Amino acid sequence: MNIFRLSGDMTHLASVLVLLLKTHTIKSCAGVSLKTQELYALVFATRYLDIFTSYISLYNTTMKLIFLGSSFSIVWYMRHHKIVRRSYDKDQDTFRHYFLILPCFLLALLLNEKFTFKEVMWAFSLYLEAVAILPQLVLLQRTRNIDNLTGQYVFLLGAYRALYILNWIYRYFTEPHFVHWITWISGLVQTMLYADFFYYYFQSWKNNQKLHLPA
């Protein structure tokens, strides 16, 4: 554990709390992509297959439970809650996210650290997480006007991955034989997808204007 890893985890947790605030307290999911939330639920379900068989620490297990529980909770709220689901913009959230799953799975079969079920699923979760934000970014471009909580949620998600890159750099120089190409490349691709959003987010913050993305 180092400051970059801890900061990344707390930023990721903050993004989840922002989205839970929006869905559970405000009872709205306007501007949030259900497609992205479903992909994240699949990411965590395949990544944490060892949650009850491999104990690392209380902190590690707690974070796994939080991300698993929150991701499925958000999907349930957006699909079934009688108030929240009314604010879901199904007509705009049309990205065919299922087309992302098969290529990521095939890539995981070809590129993994060890050809076992858990390792293939781990690699699959990394590849899928790298592109899971795409439906959300497309939805934001279509709706253009973005409320504060949705903008903060996406920003915190991107910031979490950027902090993890700093964590990997730090560990590369401080830990012998710390080389994980699959994790690194997936994380870099994921962070690059946020570049355009980060630019407009900081522009809106600097100019004290409402965030909106070009169509």
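**Rings, charges and helices in a predicted model**

The structure holds 19 aromatic pairs, where Phe, Tyr and Trp rings (the six-membered one for Trp) pair if their centres lie within 6.5 Å; planes under 30 degrees apart count as stacked, over 60 as edge-to-face and the rest as tilted. The rings of Y40 and F44 are stacked, because their centres are 6.4 Å apart and their planes stand at 20°. This is a predicted model, in which local features need pLDDT of at least 70 and side-chain atom pairs count only at pLDDT 80 or more, while totals for chains, interfaces and linings use all residues. Residues are numbered from 1 along each chain as its sequence is written, and side-chain values use heavy atoms, leaving out hydrogens and water.

Y40 and F44 both sit in helix α2 (residues 34-47), 4 residues or about one turn apart; helices are DSSP runs (H or I, at least four residues), as are strands (E, at least two), numbered from the N terminus. Y40 and F44 are buried, meaning under 20% relative accessible area, with exposed over 50% and partly exposed in between (1.4 Å probe, protein chains only).

F155 and F202 pair edge-to-face, with ring centres 5.7 Å apart and planes at 90°. F155 lies in helix α7 (residues 148-174) and F202 in helix α9 (residues 195-206), so the pair ties together parts 47 residues apart in sequence. F202 is partly exposed, at 42% relative accessibility. Ring pairs link F155 and F202 with Y194, F197, F198 and Y201 into a cluster.

Now the charges. The structure has 7 salt bridges, each a side-chain nitrogen of Lys or Arg within 4 Å of a carboxyl oxygen of Asp or Glu. R5 and D9 form one of them, with closest N and O atoms 3.1 Å apart. Both belong to helix α1 (residues 3-25). R5 is partly exposed at 21%, whereas D9 is buried at 7%.

K22 bridges to D147 at 3.0 Å between the closest N and O atoms. K22 lies in helix α1 and D147 in the loop between α6 (134-143) and α7, so the pair ties together parts 125 residues apart in sequence.

R47 meets E129 in a salt bridge of 2.7 Å, N to O. R47 is in helix α2 and E129 in helix α5 (residues 117-131), 82 residues apart. Both R47 and E129 are buried. Shared partners join R47, E129 and R161 into one network.
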